[in-house]
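These are my notebook entries on one structure. I set out to look up its sheets, its cavities and a few backbone details.

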Amino acid sequence: MARPRLEVADIFRDHGSAWRKANAGHVSLAQLKVMSAIERCRTAALGGHVARCEDCSHTLIAYNSCRNRHCPKCQGAAAKEWLAERTAELLPVPYCHVVFTLPGPIADIAYQNKAVIYDILFKTSAQTMSTIAADPQHLGARIGIISVLHTWGSALTHHPHVHMIVPGGGISNDGKCWVACRPGFFLPVRVLSRLFRRLFLNKLLAAHEAGQLQFFSDHAKLANARAFAAYLAPLRKLEWVVYSKRPFGGPQAVLTYLSRYTHRVAISNSRLIAFNQNGVTFRWKDYKIKGRARYKTMTLATGEFIRRFLIHVLPRGFHRIRHYGLLARPSGADNIARARELLAAQKPPSHDADGATVEQPQTPTHPCPCCGGRMVIVEIFQRGCAPRAHPTAPPAAIRIDTS
């Protein structure tokens, strides 16, 4: 795949050092590691290999990727691997997409307490879905959930929300049958919203009482229990945003859909337009506007662009993709087998992200760009080293993007 004209890595390499010096003491170790990984990704700093065509001897040099989960260049391959593993879990039923979003005042304190509040967001949204689905007045069944955390808006602002992909039905509470949702409808969003609000605020207050939250700058006063309760009081009267799309197709559509959400980062390289003395220009979507007018461009000062990108770095070890209900480990496989039995369905064939049937996993190959022949590795070089001279390697062929 051709390399994008402009990458986040180019911005970090050009301006990262100066930005780190200007913000010394205000950048976390995790953010510094992400910057370093992206700057070094697919460069000689990480080593690589030399591949040569068996037919025409055309030679290419490929540098290793950083494999950091925040790197825009490394998510394509990771998404394909993850999707291949999820294929066996898909059921031959319609799937639904539900989004739970934190209101602005909660998002403000979430930035200072990422691990705690993001974890509450995951657990309360899943508990909300499972509770309402189990209610006989709604679905009366145990459901499965794949939850994916996104922390950004299209303009790179801090906007924490969870995307859920849910089978359109579940195993009845007595375990004897599969209960399908109504066509075009899953669960009532207003009921979901109000239960989500109550559960989240209760857990947030409990976390505050347990001393798990920290507050700085303008929010320092919230360390006081009364001040914190007063801060949350108006939120008990607001309608929290829960969005549910109409159910979409079966397993093939789900795989394609999941590939757009699971391994997405704050901004992809394809959205970048320009990087110059005026700053960084990129495409963004204004969701308050309908139609083509919602697609706009934005220019941020380079330092501000870097800051916005880095506020979405997750705490070390924090899982941004989680499974609940029927899909939760370790009983997920047994639950899926039971669901298939109830649906009288056979295990579906594997599908790749484009919906094409795959007979069996195969090692990805990259044919020769000149003649289409088989490329074989003729040299592996270590981190910080340069490959030996290869006469047939064109000067411009310094990398192969494999994502």
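**Entry 1: the three-stranded sheet.** I began with an open sheet of 3 strands, ordered E10-E11-E12 and paired in the antiparallel sense. Strand E10 (272-276) and strand E12 (295-300) form its edges; each has a single partner strand, so one side of each is left without a neighbour in the sheet. On average, neighbouring strands here are turned by 20° against each other, direction ignored. I noted 4 bridges between E10 and strand E11 (residues 279-285), and Asn276 stands opposite Gly279 in E11. Helix H1 (residues 8-22) packs on this sheet, where it touches E10 and E11, and its direction makes about 15° with that of E10. Helix H9 (residues 302-310) lies across E10, E11 and E12 and runs at about 110° to E12.

**Entry 2: conventions.** The model is predicted: local features need pLDDT of at least 70 and side-chain atom pairs count only at pLDDT 80 or more, while totals for chains, interfaces and linings use all residues. Residues are numbered from 1 along each chain as its sequence is written, and side-chain values use heavy atoms, with hydrogens and water left out. Helices (H or I, at least four residues) and strands (E, at least two) are DSSP runs numbered from the N terminus. Two strands pair if DSSP finds at least two bridges between them. Axes are lines fitted to C-alpha atoms, for helices over the stretch in contact, and angles run from 0 to 180 degrees between N-to-C directions.

**Entry 3: the chain as a whole.** I recorded 10 helices and 16 strands in the chain. Of its 403 residues, 47% count as buried (under 20% relative accessible area; exposed is over 50% and partly exposed in between, with a 1.4 Å probe and protein chains only). The chain exposes about 20,600 Å², of which carbon and sulfur atoms supply 53%; the areas come from the Shrake-Rupley method with a 1.4 Å probe. Among contacts (heavy atoms within 4.5 Å) with a separation of 6 or more, 72% join residues 24 or more positions apart.

**Entry 4: the five-stranded sheet.** I then traced an open sheet of 5 strands in the order E9-E3-E6-E5-E13, with antiparallel pairing. Its edge strands are E9 and strand E13 (321-325), each pairing on one side only. Neighbouring strands are turned by 25° against each other on average, direction ignored. Which residues of strand E3 (residues 95-101) are covered? I found 7 of its 7 residues buried. Tyr95, His97, Val99 and Thr101 point one way from E3, whereas Cys96, Val98 and Phe100 point the other way. In a regular strand the side chains alternate between the two faces of the sheet.

Helix H5 (residues 114-134) lies across E3, E5, E6 and E13, at about 35° to E6.

**Entry 5: cavities.** I counted 3 cavities of 30 Å³ or more. A cavity is a set of points, on a 1 Å grid over the protein atoms alone, where a 1.4 Å probe fits but cannot get out; lining residues have an atom within 4 Å of a point. The largest cavity holds about 110 Å³ of space, a volume being the space filled by probe spheres set on the points, which are joined across faces, edges and corners. Strand E5 (residues 144-152) gives the most to its lining, with 3 residues. The lining residues include Leu149, Thr151, Trp152, Phe309 and Arg320.

**Entry 6: Ala339.** Ala339 lies in helix H10 (residues 332-343) and is buried, with a relative accessible area of 1%. Beyond its neighbours within four places in sequence, Ala339 contacts Leu91, Ile171 and Trp178. Ala339 and Trp178 are 161 residues apart in sequence, yet 6.9 Å apart in space, C-alpha to C-alpha.

**Entry 7: backbone details.** Most residues other than glycine have a negative phi, and most peptide bonds are trans. I noted a cis peptide bond between Arg329 and Pro330, with omega about 0°; Pro330 lies in the loop between E13 and H10. Arg42 has a positive phi of about 55° and is buried, at 4% relative accessible area. Ser57 has a positive phi of about 65° and is partly exposed, at 32%.

Definitions and conventions. On a 1 Å grid over the protein atoms alone, a cavity is a set of points where a 1.4 Å probe fits but cannot get out, and a pocket is an open set with protein on both sides within 12 Å along at least five of seven lines; lining residues have an atom within 4 Å of a point.
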